[in-house]
Every structure is written in C-alpha cells, then in structure tokens.
Amino acid sequence: MKAKQEFKVVPHVPDKLQPLRRMAYNVIFSWQNGIRDLFQRIDPQLWADTGHNPVAFMGLVDQDRLESLVADQGFMSQLDEAAHRFDKYMEAADSETTGTCVAYFSAEFGLTTCVPIYSGGLGMLAGDHLKSSSDLCIPLVGMGLLYQDGYFAQYLNNDGWQMERYPANDFDNMPISRVTGADGRQIKVQVSFKGQPVWVGVWKVQVGRIPLYLLDTDLNENPPDIRGTTAQLYGGNRETRIRQEIVLGIGGVRALKALGLTPTVIHMNEGHSAFSALERINLLRKDFGLSFDAAREVVQASTVFTTHTPVPAGNDTFDPELARAYFEEYSKELGINWRVLLGYGRINPRDEGEPFGVTPLSLRLSAHANGVSRLHGVVSRHMWQNIWPKNPVEDTPIDHVTNGVHVSSWASREIARLYDRYLGAEWNEDKDPARIWKQVKQIPLSELWRAHENCRTRLVGYTRRALFQQLRSQGSGTDTLRRSMEVLSPDTLTIGFARRFATYKRATLLFRDPDRLDKIINNPARPVQLIIAGKAHPQDNEGKAFIKDIIHLAREPRFQNRIVFLENYNMHIASLLVSGCDVWLNNPRRPLEACGTSGMKALANGVLNLSVLDGWWDEGYAPEYGWAIGQGEMDSNHEIQDETEAQALYNLLEKQVAPLFYQRTADGIPQVWCDMMRNSIQDLMPRFSAHRMVIDYYERFYKQASARFHALTKDNFQAAAEQAAWRQKLMTSWNEMSITAISSNAEAADLKVGDEIEFTAQVQMGSLSPDDVTVEAYYGHLDHQGEFIDRATLALTPEKKLADGAWQYKNTVVCRLTGKFGYTVRVTPSQVRLANHYVLGLIAWA
C-alpha cells in the first residue's frame, strides 16, 4: 500500500557544521582526502555502511554525535581547514579561458561509487574528464542521463553464473539536486517520441567547479512506458536506445537553453549524443532564422567528437524504419528531406539498405574527431575511411587524443601523501604535468615501497571480507567460510585483472593451461596470487561463461588460496585493486582495446603493467616500465594467437616478473622493482594523466572550435551564411577544376641531402579561384611497388595565371632523409576557411 503523503526527517545540523552540507553535495569528496576524512571521523562504521555517500550519511548520523562535534576542538579545526581549502578551490578561475564554454555530453559518468550511473571505461573516462577540467579551471559543463536503476548489481549463484539485480537509486539520498527555476519548480524540457510529447527533468551533480546536468524521464507527466526511458544504463531494446539518445542529444541541448547556457563548443563523448548536433542546427534555425546550411556550418565548426569503439558492431545503428518513425517529422523542422537526414547517418548516403548510424552522423557534423589512443586512431581511420572514399586512409579526418586518468581520484591515500610531500600540496592543480611529475624522482624507494605494501595489505583484508560475504550469501558451510578468511597473503606477489568481461578482453587467457599456472602460482619460493573482478553484459552469455570458468577453477584445492573473484565490481573495488596489486594484467586481442585506462590507474599507484601492446600500452611500454606480452602481432587465427600469447604470458611470469619481485636487498626492498615503479610514475604519468588529456583537447580542439563559433556567429551570423554559400559553390563547381600538369627538378638526377626540390603544378580552376582551394605536394618514401610508406605535405603557392587560364603553383622543400621517394599533387578545399579541410570529401589528384 502506498502512503498518501511523503515526508522526511533528517538530523538538525548545527550552524558550525554547515560546511559539511556544502561539501556533501560536491563530489570533490571523491578526490580530496581531507573531506572524506571528516565524514569518516564522525562515524567510521556508518560511513562504510552508507557506501561512502555523504548525503545519506548526513541523513542518518546520530543527533547527539553532531552536537558533540561542535565541542570537539580537534574536529572543528580539521573542519575549518577542509572548508577553507574547499572554498579556495571553488573560488578559483582562469581568465585565459574567457569566451569559451564547452558542453561535454556522455551517456555515462563514473564519478564516485555512490552515484552509480556508469558501467565501465567510457564512464570512468567521462568522470575523469570533468574532474581534471575542474582542477584546471576549464570552462565546461557536463550533460548526461540520470538512471533510476543505473547499471546492474552483479552477484553469482552457486554455480558461478552471473546474475543481475537493479537496485533503485534514491536520488534524494545522493549528492544530486533538482535544478529549479525562478518559481522554485524543477526545470523541465520537452522532446518528442514519434509525435508524443515527453517531459524531461533536469538534475545537477556538482563535480568540483564543474556542473554536471543529468536528464530524467521518470516524471508524473509521462505515461509509464515513457517514464522508464532513463531507467537503466544500456538496458532495453533498440527502441529504448534511440529514445535515450534523443533525450540525451536533443533534450540535452534544450536543457542547456533552459538553463541560459550557450556553449561555444559541444564535445560528444561517443555517438550516443549525436542528435545534439541536429538539435543545435534546429535551434539556430528557429531562434535566428538560419538556413539548414548556414546552421550546419556553425555546428560543424564547433563540434568535437570522440569515438571509443574499435569494431563496427560496437557503434549504435538503427533500422531505417525505426529511425524514420522518430525523425521524419523532425527532419521537417530541420528544413531538409528525410532521406537527406538518413544519408548523414550512413557510410554510403545512397545505400538505401544501410542502417542509420550515429557514428557517421557524428563524424559528418564534427570539425574535430578523434580516437582515444594512437593505435585506436589508426584503427578508426581504417574503419571509417569509406565515408571519405577519395582520401587516402591516413587522411581520414580522425585524429587521436590518448585518454588519461584523474590521478587524485585513483591514487591511494598512501601514495597521495607521498605526492603531497614531494610534488607540493597543490600538485593536482598544476597545469604543467611534465614539470610536476619530474619531482617523483625525489621520493625515496623505501617510502614508495612501504606505502605500496600498506595498499596490498588493505586489499588482501578487503578481499577476505568480501569473499566471506559472497560465500555466505550463497549458503556456504562453516568450513568454507572459515577458509575464506585465510585466502591470499599480504606478502605475496599479487596480480590484478579487473574489467568488463567482453570476450575480446580474454579474461581466461591466463587459465588456458591450468597445470602450468599451478606451477607458477604455487612456487614455494616465489608464490603468486590473482584477484579478478568484472561484469559481463547481461546479454553476453559467452562473457558470463568466462566468469563461471574462472570460479570453477578457483574452487579447485590447488587454487583455493591463490585465486579470488570479487563480485559486483565498482569504483571502490577498482581503487583498492589498482593500488594494492603489484602487477596489472591486461591481455586483449590487439587491436580491439581502444585505450584501456585501468592500467593508467594502476600506474598512478606505481603498480607495474603486464599487457599486450594495445591501446595506451602500445605508446607507453618500455622495458624499464613493465612487460609486454608479444611484440604487437595480430593473427586472424585466434586459436593460434591465444596459445602463443598464453605461453608468452606464462614465460614472463615465471622467468621475469616473479624472480624480480622476490629479488630483495638486505632491508627487504626489491630495489630493481621499486626503480621500475618510480620510473614508470615519473616518465609515464605526465603522458597518461587526464590533466594532459584535457589540456590536449583544450589547446588542439576547444580553443579553435570556440574561436570559429564566435567568428561564424558575429554580425548576425553573416560569416555562417557566407560559409554556407561558399560550400555550395565548392560542391557545384568542384568538377570543373583539374590538375593539368605537375613537375619537379627531382626528375633530372639523383638529389643529395641538403638539396632543394622544387614542385610545380598547373591547375585549371573553372569558376573557382586560388582563395577557394589549397594545392599541396604530397610526397614520401615509396615501397617496391611505388606505394607511399609515409607521407608529408607541402602547400604550394599560386605564382601566376597562365595564358590558358590555369594557375601555376610552386614551392620548395629541403631533402632531409635518404631513400626512394615519390610525389604527387592534390587539391582540397581551402585549409584557411575550414577547420578540417577533409570533412567535405572533396579532393582532386594529379
């Protein structure tokens, strides 16, 4: 039976303790230890029982305890210090970023365990992006979805099979608040599902200095089937998914408008928010009377798109008829034919059988697109090159910005203290990562090792308690429960493996030869232990079978004390694992790991990586930082590849990793191992921190996109209208233009290093002019078949107009390298007038 009315009773917080409330509603507590320490000091057991959720905690703390704290001088001094630091942090701003406002859209955000609106690496990356933007004073707001049930909670049945449950989020007891208007009511916006109006409520999570707005359809104004749209992250069917992406993309842009925000840049983190680009076009048409073409120029120039998925099947597509049901009427608002809109979402716009894809749509409406590691950039360019079929694959307009991690969120308390001591108290707000991380060399190896040993001891203790609870919930007997409190050892080499149980991540590779593994982990002189965690997607039975296989193996007597699987992997468990393990194992099938940021989180704690050369480790690996499984091979025969790499993994563990870990000095410190720990932090952390990542986005994409937004929108969008007319001129006149002749002085004789090559080209422009195009020499090393191995480009300068009407272009370059070279000449739209001159797909070759 339901109550007629609801009301809430909470403790009365004394005035002197009010700073606790302010800090409770800012998830900065997830990366500032001083704030977490305050709540824990009040009631350590309640803090643990509430899942480190300060809002729920403050709603349950004993009234007498609060009153006693006011008289506790030690506590009040600690509170004053934390509140002062918090206020100082929140007041900071960066005048250099004035004029830029970035709206960062993502379907999930991993902020802290008590805000469970994330599933894996995409959400962790998005959360770290916001946190580093906050530390660096980047003018950014986040936009996402608020899931009533979040992602599932995992538990295992007696047979080791993954089961799922969906505990409802209680938003009133989370660090989340409704966004209200001047009338005190929650701000709501409206979208449409097949002509049916849908109301969307707006909420906010404060992430340091950054507001994250979250959208929710669970409102009384909506019918039951609509209210459940934002119930589950990655739940439901294809129709649920398209509805969620309409709420995120279209609803997100409308929410920004309702909030009075006009972003100069939209950053779409994956294709889930692709419809935001369409809605920006829609609003520019409605609010300013722009044509579709002019509005598209503004939107494309100011949009950044990050793709995370290295396989085509992982990118959302929708059946054309489903897309038509939701977007045919909307296309009329955009001022274009439905089939034209459909073409924006297809690799081949003329292929009527191709589904409507959000990644092609995002790529076509973004001036800046990137993969999330150097190797993933290569993979993405190959995967999407057919959108621009005339471009060589290396000119597919997808760059890369390698992911990074927010170090303050992932460094353990012990390691963070070392950073505070040797890098300076405000190291986490420094805008020069390369300089700050050089100071790691000052950390004594003995202190680094003792800090790490404390982390391993804490991990082992947690693992025992968690395993006890898992087994008790499965109805295990007394002897089994007793043994669970004796598994693992705080002094044994500990390997961690924790991630989504997608099959390409090959969670069972290490268990391919159980007898060989037995000899390694039960070596009496050099024992090894494994802690494993991760979730399979609810519909991924093959991934669930991997978990079951590991559970069954771990129950064998020879492995019982050495292998543990922790259920319900979350951010809290992740933080314990990436700090407490000695080695972080990652063995995906190359090149299917787009980046793999969990290894970076381990790096932040000095944990050494043992990984396939995929994702970030393909950039970061060197022998002084960790170990590589294989040499970057890729084999279409997966069985052979798995067997080869499993044997390579066993050999590394047996002959290199374990011997080095147990090689100790007289005072018990593994000197060489600790050198590797310190070297990896010092040299790799500045390259793989989220601070570096956000600075990269800001300097390479955000600043340029924001400047173009301002340039195109000033004077009542005059430049946008001119740009649209210019684009139309290019599209209709491009075939009139041709390269009629090319030549160079390299054709006469061999050149020597230091000599100059002069390139000459003659170009018939038709109705175009030199201001409309960029003419380039395209040159590089050749293979034995005359194909380019690498390439460089040199812009040629229009020198004169010839008698036949053609323009002659010239320029020179100095020979710096030796070898067999070749060149050709190409013409593209003007690089001056476009942020990315490849996106139009217009190109002419000699």
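## Helix α11

Of the 10 residues of helix α11 (residues 292–301), 9 are buried, so the helix is largely enclosed by the rest of the structure. Buried denotes under 20% relative accessible area, exposed over 50% and partly exposed the range in between, with a 1.4 Å probe and protein chains only. Helices (H or I, at least four residues) and strands (E, at least two) are DSSP runs numbered from the N terminus.

The model is predicted: local features need pLDDT of at least 70 and side-chain atom pairs count only at pLDDT 80 or more, whereas totals for chains, interfaces and linings use all residues. Residues are numbered from 1 along each chain as its sequence is written, and side-chain values use heavy atoms, with hydrogens and water left out.

Among the buried residues of α11 are Phe-292, Arg-296, Glu-297 and Gln-300. Their cover includes α10 (275–288), β12 (303–306), α12 (320–334), α13 (338–344), α14 (358–364) and α28 (690–733).

## Packing of α7 on α28

The axes of helix α7 (residues 121–135) and α28 come within 9 Å and cross at roughly 80 degrees. Helix α7 is therefore roughly perpendicular to α28. Axes are lines fitted to C-alpha atoms, for helices over the stretch in contact, and angles run from 0 to 180 degrees between N-to-C directions; under 35 degrees counts as roughly parallel, over 145 as roughly antiparallel, 65 to 115 as roughly perpendicular and the rest as oblique.

In contact (heavy atoms within 4.5 Å), residues of α7 including Leu-125, His-129 and Asp-135 meet residues of α28 including Met-693, Val-694 and Tyr-697.

## Cysteines

With a disulfide taken as a pair of cysteine sulfur atoms within 2.5 Å, the count is 0. The sulfur of Cys-137 lies 14 Å from the closest cysteine sulfur, in Cys-101, too far for a bond. Cys-137 is buried, at 13% relative accessibility.
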